[in-house]
Amino acid sequence: MRNGTSLLLLAAIALAGAACLTAMGGTAKAAALEPTDSGAPSAIVMFPVGEKPNPKGAAMKPVVFNHLIHEKKIDNCETCHHTGDPVSCSTCHTVEGKAEGNYITLDRAMHATNIAKRAKGNTPVSCVSCHEQQTKERRECAGCHAIVTPKRDEAWCATCHNITPSMTPEQMQKGINGTLLPGDNEALAAETVLAQKTVEPVSPMLAPYKVVIDALADKYEPSNFTHRRHLTSLMERIKDDKLAQAFHNKPEILCATCHHRSPLSLTPPKCGSCHTKEIDKANPGRPNLMAAYHLQCMGCHKGMDVARPRDTDCTTCHKAAPKSAD
């Protein structure tokens, strides 16, 4: 009986503790995420903090920053906390800008890409500049991103500017004013992270096994493009990459690398739908068909540092057409 009483007492204490944590700002929800090695919150909501009650730009959705994932990828905290102090970005960078941050606004601090190298100390990076650096330096990304620049539209913005719909207007206003309790902030962030789902990739079997490129067969024999093998290779390289999973939030996005000017589709039109054999006089800036093929194929191979084929070895992809008897 004594043991039973002890168990009941422990259960009561646990329930009381859980109720206390919830009352203190939803810390119990935040505890559902894996803790960081540094002791920093696993995820936080970054609000458009401003000096005024409703600063210009405060209408934008907050960003949930997954500290846990980024901490695992970055060796030095000062990559982001470039002053050396592990404080919130909005401590120095606000919607309007403030002296502590050299009047660099929060928008610029998060999105700038042309950041001048500092003569002393750490050169700061923004979210966008860091992501762009990753896509240019890593082989699994560089092939596509060497030839395509993602369109910065509303869908692109919503990848980061996305928060749980359970956030109340009062919480939003407190976040803007910098008065939202840390527990409430972490609970909103955890709820958003836990609700995120990985997009199921398209089966490569839906793609054509081979595509015969014969539009220029008068000069060369048709080229057999191993479409499914190329697609499978790309999917395999990025399947476990968190950055790719976040921004490739539709299965058709991978198709848009080659089919780069078409609406997202699993059955995009052929290259010849836009690129003609000869330069289109109505669109002189558009490459002709042969140039389009070579810019895409060679650009991707160069970005991924694929040694074969060399750009001077034409017959690796297509044999020269037989000469006529004449």
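Student: What should I know before I start?

Tutor: Residues are numbered from 1 along each chain as its sequence is written. In this predicted model, local features need pLDDT of at least 70 and side-chain atom pairs pLDDT 80 or more, while totals for chains, interfaces and linings use all residues, and side-chain values use heavy atoms, without hydrogens and water.

Student: How many helices and strands does the protein chain have?

Tutor: Helices are DSSP runs of H or I with at least four residues, and strands are runs of E with at least two, numbered from the N terminus. Here the protein chain has twelve helices and four strands.

Student: Which share of the protein chain is buried?

Tutor: Buried means under 20% relative accessible area, exposed over 50%, and partly exposed in between (1.4 Å probe, protein chains only). Of the 326 residues in the protein chain, 28% are buried.

Student: How many aromatic pairs are there?

Tutor: Rings of Phe, Tyr and Trp (its six-membered ring) pair if their centres lie within 6.5 Å; planes under 30 degrees apart are stacked, over 60 edge-to-face, and the rest tilted. The count here is one aromatic pair. Tryptophan 156 and phenylalanine 247 have ring centres 6.5 Å apart and planes at 45 degrees, so this pair is tilted.

Student: Why does the pair tie together separate parts of the sequence?

Tutor: Tryptophan 156 lies in helix α7 (residues 154–158) and phenylalanine 247 in helix α11 (residues 242–247), so the parts joined are 91 residues apart in sequence.
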